[in-house]
Amino acid sequence: MFGLEALDLARIQFAFTISFHILFPAITIGLASYLAVLEGLWLKTHNDTYRDLYHFWSKIFAVNFGMGVVSGLVMAYQFGTNWSRFSDFAGSVTGPLLTYEVLTAFFLEAGFLGVMLFGWNKVGRKLHFFATVMVAIGTLISTFWILASNSWMQTPQGFEIVNGQVIPTDWLAVIFNPSFPYRLMHMATAAFVATAFFVGSSAAWHLLRGKDNPAIRTMLSMAMWMALIVAPIQAVIGDFHGLNTLKHQPAKIAAIEGHWENKGDEPTPLILFGWPDMKEERTKFAVEIPYLGSLILTHSLDKQVPALKEFPPEDRPNSTIVFWSFRIMVGLGMLMIFTGLWSLWLRKRDKLYTSRPFLYLALWMGPSGLIAILAGWFTTEIGRQPWVVYGLMRTADASSNHSFVQMSITLILFVVVYFALFGAGLGYMMRLVRKGPKIDEGKETNDGGPGQKRTPARPLSAADDSVESDHSHSLTKEI
């Protein structure tokens, strides 16, 4: 079918499941830290707006966290079902790293999550704030271990191969491999930026519909400050990450740039747009800027960037895909920086909350961070091909011995179940976003403390009754 083989379907299945999964941890990381900041500001200033926002976003965090856990478990099982040869080869590295993530991060998050979500009126303020901070730290620790494992697959070190299996010899070298610091900072910052635009888009949606209150304004203000500060920082981190990739994975950079060959001693131009053709070994319709490729990638005007023809055809990543996925990521990043600067200009003129063109832009930029993360992830993973562990094991040698029919059936089942299950979850989460924060939320309850008014213990009790009844009503109509 379409010239695909069982290996291709296994790759598509993993790409599909990880694309769903990565969205949830990204928002979880950002929202956890956002909630910690909100509660800290409330404790410091006693401004009820921060408390109201905490209650509102904690509901969305709870739903998002649950979907992230479920999708992560499914994805992890594929290492054994679809990629057993990879697990046999490199499991002595990836297995412990993922175990450390569970032992240090997941247990920390799970241990304090209940207090964070349901302990507002059961424990003291400081203990509840401590629980929120621990959950936020847990999400960052989880990012640490997951990126350590994936970065090792990109730039492996600290091991030896014995009887066809990787044996760790230096765990510090394994964890802190050459690409790890850059990838960790790049992903964590991307999560914060994505969350900022998600929050800012929610605020813009309400303001455009005439719902203007201190909580909505605070949402937009905090989101735009984050965008203004962090989006340019992300661009700088991306530059350092690019230099590191050029050093350790030059074929990936050549594919990203659609750069096929160097001409004499000429500096490398930057191809803004074009269509890399893997068969013809050239980039069609290329729009080039002389010298700029060398300037950006080597920080000089005379050094050349490695070209794809310098690598055997079987070792070249698919330039057609990564060329465009990278430009989608960078283009959205530039729009994020522009949005942050525009918000500053409007803030100084007291028009941040009333400029409808800007509010529409903020609304449309809501999914931009998540799309950029997906585009960046595709660039990273497809750019690593044809290797599953760079320079050590090819992807073709890593898959399990499944037939085309088996992989077709499981892929179809994954697509159907994922869209049904997570589609419902995302729909429910967006219903919560549309309800917006209530400025009087929490007034009827005590601020916290042992023996005070209790909250329900149902997992989805974080949702408003009106949302739950609307949801039940819609389900009844469907049935």
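## Getting started

Helices here are DSSP runs of H or I with at least four residues, strands are runs of E with at least two, and both are numbered from the N terminus. This is a predicted model, where local features need pLDDT of at least 70 and side-chain atom pairs count only at pLDDT 80 or more, while totals for chains, interfaces and linings use all residues. Residues are numbered from 1 along each chain as its sequence is written, and side-chain values use heavy atoms, with hydrogens and water left out.

## Around S403

Look for S403 in the loop that runs between strand 6 (393-394) and helix 13. Is S403 buried or exposed, or something in between? S403 counts as partly exposed because its relative accessibility is 31% (buried is under 20%, exposed over 50%, partly exposed in between, with a 1.4 Å probe and protein chains only).

## A nonpolar patch on helix 13

Carry on into helix 13 (residues 404-435), which gives the most to a nonpolar surface patch, with four residues. The patch covers about 440 Å² and is made by V70, I412, V416, V417 and L421. Areas come from the Shrake-Rupley method with a 1.4 Å probe, and for residues only the protein chains shown count as cover.

V417 sits in helix 13 and, at 46% relative accessibility, V417 counts as partly exposed.

Definitions and conventions. Patch = residues over 30% accessible without salt bridge, like charges linked within 9 Å, V, L, I, M, F, W, Y side chains within 5 Å. Salt bridge = Lys/Arg side-chain N within 4 Å of Asp/Glu carboxyl O.
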